[in-house]
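Subject: Handover of a structure model

Dear colleague,

Please find below the sequence and the structure that I am handing over to you. My notes on what was found follow directly after.

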Amino acid sequence: MRSRFSPSRGLEVGRSVRPARLRLLAAASLWLLVSTAAWSEPAPEAGRRDANCVRSQFRVVLDIGHTAEAPGAKSARGVSEYEFNAQLGRRLEKALLDAGFDKTVLLITAGPARRGLYSRVKRANKAPAHLLVSIHHDSVPEQFKQDWEYGGVQHRFSDQFKGHSIFVSNDNPDRKGSLLFGRLLGKQLKQRGLQYTPHYTEAFMGSRRRQLLDAEAGVYRFDQLIVLRATRMPAVLFEAGSIINRDEELKAGSGERQRLISDAAVEAIAAFCDARSPARRRSASVASAGRDTPIETVAPSANPQ
Ligand SMILES: [Zn+2]
């Protein structure tokens, strides 16, 4: 659960405070010290700094979706989703390190799907991190796929849908933070000419149908995703493109597309780090008291991923 520190009342220690309470307050001070380290006044050598964010202290976890043993979707030309995820993840890791986010962590696990997933969630929670971005590439339900031959081998493809998508969960302990980052990322992608796929709102998606929370940024709600609901920091799942689409598969594997996505993600992460600084959050909560955008409640649908 998210805690909020009140600067006016949080650490007041009066004469009537008992030892047990003092211990609690000391623990709270320690927590505050750790949790706000990303925004404290940096030493000159501490790294690049935005208005309120110290990049070198802000920890981003990049979760590489799936494992080599359980590699997720298969592309139109037979390449595993895991390979696309790992390639984009490594590029993004480098872009973040180059941009001064020195504490960036790339999470790659091995083993069966479930064990790999829970292992990544556990490691992300241990980090501890200020933000988790889970990197995936999309496919479509079987009924949309067709056969074709590539390189003398039969494969399945669907050129019907293309574009990225961003998912957040209402069950994440910081759902407002998750939605905020989802929006920032979606807008940065849009500014670079990349379009999200709108097809998750269609009835034909059945149990994979999703509620669109932000029609400009392309942020959908997907409560059940374990990597979003079991992590303790703001988290988004990013489907970077549809690799079952023959054209988009080629683009997704290109350095040009990966650079574009990395640039967008770095900008969004910098803006998120800045927006979530205690100073910014205090002034924002005064300005928008009672006007927070609610995440509507809809009946959950089962969708294994
Ligand atoms: Zn995936």
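Two residues are taken to be in contact if their C-beta atoms, placed from the backbone, lie within 7 Å. Please bear in mind throughout that this is a predicted model.

Overall picture

The protein chain has 305 residues, of which 39% count as buried. Its secondary structure comes to 8 helices and 9 strands. Among contacts between residues at least 6 apart in sequence, 72% join residues at least 24 apart.

Confidence

The average pLDDT of the protein chain is 82, and 75% of the residues score at least 70. Within residues 24-37, however, the pLDDT is below 50, and this stretch has 8 contacts in the model beyond near neighbours in sequence. Residues 290-305 likewise stay under 50 in pLDDT, and the model has 17 contacts for them beyond four places in sequence. Where pLDDT is low, the predicted coordinates should not be read in detail.

Two packed helices are described by the angle between their axes and the distance between the axes. Two such pairs involving H7 are set out here.

From H4, the residues Leu180, Phe181, Leu184, Leu185, Gln188 and Leu189 meet Ala264, Ala265, Glu267, Ala268, Ala271, Phe272 and Ala275 of H7. By class, the contact of H4 with H7 has 11 nonpolar, 1 polar and 1 charged residues.

Individual residues in loops

Which residues does Met233 touch, not counting residues up to four places away in sequence? They are Pro128, Ala129, His130, Leu131, Leu132 and Asp174. Met233 itself has its place in the loop between helix H5 (226-229) and strand S9 (235-242). There are 21 other C-beta atoms within 10 Å of Met233, so this residue is buried.

Pro128, one of the residues touched by Met233, is found in the loop between helix H3 (113-126) and strand S3 (131-138). A cis peptide bond joins Ala127 and Pro128, with omega at about -25 degrees.

His66 also deserves a mention on backbone grounds: although it is not a glycine, its phi is positive, at about 75 degrees. His66 is found in the loop between strand S1 (60-64) and H2. With 26 other C-beta atoms within 10 Å, His66 is buried.

Yours sincerely

Key
Residues numbered from 1 in each chain as written. Predicted model: local features only at pLDDT ≥ 70, side-chain atom pairs only at ≥ 80, totals over all residues. pLDDT = per-residue confidence, 0-100. Helix = DSSP H or I, 4+ residues; strand = E, 2+ residues; numbered from the N terminus. Buried ≥ 20, exposed ≤ 12 C-beta atoms within 10 Å, placed from the backbone. Nonpolar A, V, L, I, M, F, W, Y, C, P; charged D, E, K, R; others polar.
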